[in-house]
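Please examine the sequence and the three-dimensional structure shown below before reading on. The briefing that follows is arranged by topic.

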Amino acid sequence: QPVETDPDKVYDIVKKMYKDQLNLVWLKPWGFNNTYAMTMRKDRADELGVKKLSDLKGKAENLVMGATQEFVTRADGAPGLQTTYGFKFKDLKSMDPGLMYTAVAEKQVDIISAFATDGRIPTLNLLPLADDKHYFPPYYAAPVVRQDLLDKAPDVATTLDQLAGKIDDAKMASLNAEVDSKKRDPADVAKDFLKSMGLVK
């Protein structure tokens, strides 16, 4: 399929193809988008007056970016990002994905290609920059359900759709941090969240 980055258009295309080809139904997205997110320390971003990727124009030339080898070299990774936004980083460092977050937190690099809902973002006081030109494709989470199940139990869709739009990137990152950093059981974290939303008792 041709590349499309508008989240609503992507959703509509995928929903139709799943229904036509697989008889599976995409329910409403829950809100968070686990796509790439160029991320900096909050204090560094504040110092530079940076909140979105287009703010890096004229500043990226003094910044070192850390990313996976794949992201550094792929045309739809760092090269395309720099072309789309019209800037060029001072240096690109290939790193193990597990080390990138520590590297930016410890000032070994200025910016990294993180994932928007990673629990290390709130834990390390990092700031994902807004992708204001929609360079990265959307990775919105939504339940996918068999049509035959919905035919028998339509309430499944009603129940799952109660979460539609209820979990943004920051909330999902904070929930992930509860599991990753605080080592809490995922089921407990999920239940506490649902209670806080008034969806379960």
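The points below describe the overall build, the cores, the aromatic rings and some individual residues.

The model is predicted. Its chain has 10 helices and seven strands, and the C-alpha atoms fill a box of roughly 60 × 40 × 30 Å along the principal axes. Of the 201 residues in the chain, 36% count as buried.

**Overall build**

- Among the contacts with a separation of 6 or more, 73% are made by residues 24 or more positions apart.
- The chain exposes about 11,400 Å², and carbon and sulfur atoms supply 53% of that area.

**Nonpolar cores**

- In soluble globular proteins, nonpolar side chains tend to be buried together.
- The largest nonpolar core has 21 residues, of which Met 38, Leu 56 and Phe 89 touch the most other members.
- The elements E2, E3, H3 and H4 each give two or more residues to this core, and the largest share, three residues, comes from H4.
- Apart from this core lies another, of 11 residues, which includes Val 64, Met 95, Met 100 and Ile 121.
- Not counting residues up to four places away in sequence, Leu 56 touches Met 40, Val 50, Leu 63, Phe 87, Phe 89, Ile 111 and Leu 129.

**Aromatic rings**

- A pair of aromatic rings is described by the distance of the centres and the angle of the planes.
- The structure holds nine aromatic pairs.
- Phe 71 and Phe 136 form a tilted pair, with 6.1 Å from centre to centre and 40° between the planes.
- This pair links distant parts of the chain, since Phe 71 belongs to helix H3 (residues 69–73) and Phe 136 to the loop between E6 and strand E7 (144–146), 65 residues apart.
- Both Phe 71 and Phe 136 are buried.
- The ring centres of Phe 87 and Phe 89 are 5.3 Å apart and their planes meet at 65°; the angle is over 60 degrees, so the pair counts as edge-to-face.
- Phe 87 is buried, with a relative accessible area of 5%, and Phe 89 is buried with a relative accessible area of 5%.
- One aromatic cluster is formed by Tyr 36, Phe 71, Phe 115, Tyr 135 and Phe 136.

**Helix H5 and its surroundings**

- In helix H5 (residues 97–105), the residues Met 100, Tyr 101, Ala 103 and Val 104 are buried.
- Viewed down the axis of H5, its buried residues fall within an arc of 165°, so they line one face of the helix.
- The cover over the buried residues of H5 includes strand E2 (36–41), strand E3 (64–67), strand E5 (111–115), helix H6 (120–123) and strand E6 (126–128).
- At the start of H5, a side-chain oxygen of Asp 96 comes to within 2.8 Å of the backbone nitrogen of Gly 98.
- Just after H5, Lys 107 takes a positive phi of about 65°.

- Gln 82 is part of helix H4 (residues 78–85).
- Is Gln 82 buried or exposed? Its relative accessibility is 9%, which is under the 20% cut-off, so Gln 82 counts as buried.
- Leaving aside neighbours within four places in sequence, Gln 82 is in contact with Phe 87, Lys 88, Phe 89 and Leu 92.

- Asp 6 lies in the segment before helix H1 (7–22) and counts as partly exposed at 31% relative accessibility.
- The side chain of Asp 6 reaches the backbone nitrogen of Asp 8 at 3.1 Å.
- Asp 6 and Pro 137 are 131 residues apart along the chain, and their C-alpha atoms are separated by 7.8 Å.
- Asp 148 is located in helix H7 (residues 147–152) and counts as partly exposed at 35% relative accessibility.
- The side chain of Asp 148 makes a polar contact with the side chain of Arg 146 (3.0 Å).
- Asp 148 and Ala 116 are 32 residues apart in sequence and, from C-alpha to C-alpha, 34 Å apart in space.

Methods
Residues numbered from 1 in each chain as written. Predicted model: local features only at pLDDT ≥ 70, side-chain atom pairs only at ≥ 80, totals over all residues. Heavy atoms only, no water. Helix = DSSP H or I, 4+ residues; strand = E, 2+ residues; numbered from the N terminus. Buried < 20%, exposed > 50% of the residue type's maximum accessible area, 1.4 Å probe, protein only. Contact = heavy atoms within 4.5 Å. Arc of directions from axis to C-beta. Polar contact = N/O pair within 3.5 Å; in protein donor to acceptor, adjacent residues only side chain to side chain. Phe/Tyr/Trp six-rings, centres within 6.5 Å; stacked < 30°, edge-to-face > 60°. Core = buried A, V, L, I, M, F, W, Y, C linked by side-chain atoms within 4.5 Å. Areas by Shrake-Rupley, 256 points an atom, 1.4 Å probe, with all protein chains shown as cover.
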